Amino acid sequence: MIKFCRMANQPIYDLDLKSITDLLTSWGEPAYRAEQIWQGLYEHFYSSPAQFPNIPKPLRERLANELDFIVIEPVRHLDSSDKQTRKTLFKLHDGHFIEAVLMRYDDPADSPPSFSPPIFAENGGRRRGVRRTLCISTQAGCAMGCVFCATGQMGFKRHLSSGEIVAQVMYYARLLHEEGSTVTNIVLMGMGEPFHNYDNTMAAIDRLNNADGYNFGARRFTISTVGLVPQIKRFADEKRQVNLAISLHAAQDDLRQSILPINKKYNIEEVLEACRYYVAQTNRRVTFEWALINGVNDTPEEARKLAARLKGLLCHVNAIPLNPTHGYKGQATTRERVTQFKETLEQAGIPCTIRMRRGIDIQAGCGQLASSA
Ligand code: SAH
Ligand code: SF4
């Protein structure tokens with residue numbers, strides 16, 4: 001493993017193509033060198049200047065001296081017992097930690113259906129959906145304090161830079177590339193609230209989406225937010241093709257407030273109003289996330305209240321049984337209640353998917369990420 005020093009230089013992944021071009025121009029280098037570096041980073045996943053075969057040695061040395069290529073250091077990984085989920089702990093240059101998760105879906109029936117379509121691969125004459133979904137972090141910790149979330153329970157440490165967000169994707173892209181595979185979907189559902197770190201999150205998406213580099217399609221990203229209303233409206237105005245998911249979890253303000261403190265600032269009606277605005281601006285469907293907590297928000301009555309509030313909105317509900325965390329006593333819903341919840345919503349005309357719980361044995365499920373280093 002590469003030794004990780006305190007970062008003193010500009011992290012390479014913080015720079016877009018124009019910034020790399022400007023920097024190289026200021027060094028007296030031709031612009032095509034910037035493109036070579038860009039392609040080396042985002043098409044070949046090089047992680048050190050020494051790997052760039054087409055860059056002259058003096059320039060490679062200058063790159064190594066003046067820019068940091070190791071932006072986050074992988075310090076540990078855990079694989080789930082079925083080997084389908086891997087969680088990696090990364091150390092940041094200032095000593096904070098974050099986690100990111102790779103989820104492999106080889107069977108289409110197992111894939112989360114609400115997000116963008118799987119890549120189809122030939123397999124013995126049979127086409128089948130194969131997904132390699134990354135769940136990445138946007139902050140170390142989180143300031144939103146949702147009671148059932150391990151990241152919320154650890155409090156806020158700091159925002160990640162755009163490069164620290166990009167570097168999580170490049171780490172796994174490199175790993176999958178070595179296996180002859182690729183990332184198919186990216187969900188911003190790891191540690192942190194992406195809309196609290198709006199600019200860096202969008203800069204990271206733009207960098208990964210760049211057609212001359214990694215070229216990862218906007219529709220293959222999903223951003224999940226706890227419901228920051230001004231940012232939902234801003235996101236709507238930007239008319240991005242990125243999927244939007246909203247963590248709702250309750251259909252009444254008093255209940256929502258008791259589990260998601262942000263509801264005191266932006267109540268359910270304000271969040272739903274912002275979602276209607278988003279749909280009007282983009283004509284895109286919103287996904288509502290719902291962690292089913294036994295006896296709290298998993299009753300048919302709660303499902304009916306939810307259906308009534310969502311009526312007429314272009315949306316979909318993703319329900320997932322609560323994942324356990326140390327700081328919250330609530331339990332996951334029962335199997336019967338899951339089915340009942342889905343049926344009640346669907347009878348009222350609201351599409352609902354029950355999400356598979358993944359990586360629970362390694363604390364890699366939704367809301368379980370916390371830097372346990
Ligand atoms: N901050 C963003 C994204 C990260 S959390 C957000 O809150 O939306 C990703 C998802 O996991 C959110 O829907 C969140 O509500 C959910 N979640 C948090 N803790 C959970 C838990 N213990 N079990 C199931 N889902 C949980
Ligand atoms: Fe933050 Fe999302 Fe966890 Fe809430 S659920 S504390 S917003 S990461």
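Predicted model: local features only at pLDDT ≥ 70, side-chain atom pairs only at ≥ 80, totals over all residues.
**Figure 1. Surroundings of helix α2.** The buried residues themselves are Arg33, Ala34, Gln36, Ile37, Trp38, Gly40, Leu41 and Tyr42.

**Figure 2. Span of helix α2.** Helix α2 comprises 12 residues, numbered 31-42. Its first and last C-alpha atoms are 17 Å apart, close to the 16 Å expected at 1.5 Å a residue.

**Figure 3. Fold and dimensions of the protein chain.** The chain contains 11 helices and 15 strands. Its C-alpha trace extends about 70 × 50 × 40 Å along the principal axes. The radius of gyration of the protein chain is 21 Å, which agrees with a compact globule, because a globule of 373 residues would have a value near 21 Å.

**Figure 4. Burial and contacts in the protein chain.** Of the 373 residues, 56% are buried, that is, under 20% relative accessible area. Where contacts link residues at least 6 apart in sequence, 69% of them join residues at least 24 apart.

**Figure 5. Surface and charge of the protein chain.** The chain carries 45 positive and 40 negative side chains. The centres of these two sets are separated by 2 Å.

Note on methods
Residues numbered from 1 in each chain as written. Chains lettered and ligands numbered in written order. Heavy atoms only, no water. Helix = DSSP H or I, 4+ residues; strand = E, 2+ residues; numbered from the N terminus. Rg over C-alpha atoms; globule rule 2.2 N^0.38 Å. Buried < 20%, exposed > 50% of the residue type's maximum accessible area, 1.4 Å probe, protein only. Contact = heavy atoms within 4.5 Å. Lys, Arg positive; Asp, Glu negative; His and termini not counted. Charge placed at Lys NZ, Arg CZ, Asp CG, Glu CD. Expected span 1.5 Å × (residues − 1).
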